[in-house]
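Hi,

Here's the structure I promised to send over.

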Amino acid sequence: SDGVELAGWYVSSRNGATVIAFPGRSGPQPHARMLIRHGYGVLLFDPRGEGESEGDPYRWGGERDVKAALTFLAGRPDVDRGRIGGLGLSLGGELLLQTAAESNGLKAVVSEGAGMRSIREHLEKPGTAKWLSVPAWATTTVATAVFSNHAPPPDLTELVSRIAPRPTFFIYSGRPLGGEELNRKFYAAAGEPKTLWKIGDAGHTDGLAAHPREYERRVIAFFDRALLQTR
């Protein structure tokens, strides 16, 4: 929407549904291959300021790029607008959840490793230990807002409540990084249909590598139900 050109790669769908896998070449290539094996169309793209995309890198504001990806797909004659999903890792998962909350373009979202983006999510963490790091998180939030010229993003716990009745699948590590344990709160706040999977022995966004068969079975079954069995 602001004129930045993003570089992307698109594989056409063979089953009638398409998934945005984000973030691009630096992230879910194995996930994209998994989806393609099952007939899904896949769009990968570099976030602004990374790879072959123009612009400056961001910590906040990336939902513009996801919405641009949706606009691209919606303009393709081979894409069914009612069958577009998203699979995001870490920041990619956070941005897909935010985009789904703010628009109807995404009909189903798999988010793995979403966590804290600002002081807003930090305050949602369980326990009292969080108060010791509130000053640091508050300073980081203010500094990021000043230097990026972008307001802090909305609290994900509040955002996910807007996605239903479109299905969401929250995946997080048993060795959480950057507030991944908040996925329990995201799941509780989300409406049905929703799914939660804690992968106890996996690292951050390593679910597919740790349990490839189960991961593939669960994620493909989720997208099949959400995108292929709705009509």
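This is a predicted model: local features need pLDDT of at least 70, side-chain atom pairs count only at pLDDT 80 or more; totals for chains, interfaces and linings use all residues.

E214 is partly exposed, with a relative accessible area of 26% (buried is under 20%, exposed is over 50% and partly exposed is in between, with a 1.4 Å probe and protein chains only). Its salt-bridge partner is R217, at 3.9 Å from N to O; by salt bridge I mean a side-chain nitrogen of Lys or Arg within 4 Å of a carboxyl oxygen of Asp or Glu. R217 counts as exposed because its relative accessibility is 53%.

Numbering starts from 1 along each chain as its sequence is written, and side-chain values use heavy atoms, with hydrogens and water left out.

More on the salt bridges: the structure holds ten. One of them pairs R37 with E216 at 2.8 Å, N to O. This pair links distant parts of the chain, with R37 in helix α1 (residues 29–37) and E216 in helix α9 (residues 212–228), 179 residues apart. Helices here are DSSP runs of H or I with at least four residues, and strands are runs of E with at least two, numbered from the N terminus. R37 counts as exposed at 52% relative accessibility, whereas E216 counts as buried at 19%. Another salt bridge joins E158 and R162 at 2.9 Å, N to O. E158 is partly exposed at 38%, and R162 is partly exposed too, at 40%.

Next, strand β6. How many of its six residues are buried? Six of the six are. T168, F170 and Y172 are on one side and F169, I171 and S173 on the other. β6 runs parallel to β5, with four bridges joining them, and parallel to β7 (residues 194–199), with six bridges; strands count as paired if DSSP finds at least two bridges between them. S111 stands opposite F170, and F169 stands opposite T195 in β7. From β6 the chain crosses through α7 to β7, and this β-α-β crossover is right-handed (with the strands pointing away from the viewer, the path from the first strand over the helix to the second runs clockwise).

N183 is in that helix, α7 (residues 183–189), and counts as buried at 0% relative accessibility. A polar atom of the N183 side chain lies 3.0 Å from the backbone oxygen of A114. N183 also touches F170, I171, Y172 and L196, leaving aside residues up to four places away in sequence (contact means heavy atoms within 4.5 Å).

Last, helix α3. Ten of its twelve residues are buried, and their cover includes β2 (18–22), α2 (63–74), β4 (84–89), β5 (108–112), α6 (156–159) and β6 (168–173). At 1.5 Å a residue, the twelve residues of α3 (residues 91–102) should span 16 Å, and the end C-alpha atoms are 17 Å apart, which agrees. The expected span is 1.5 Å times one less than the number of residues.

Cheers

Terms used: A polar contact is a pair of N or O atoms within 3.5 Å; within protein, one must be able to donate a hydrogen and the other to accept it, and residues adjacent in sequence count only if both atoms are side-chain atoms.
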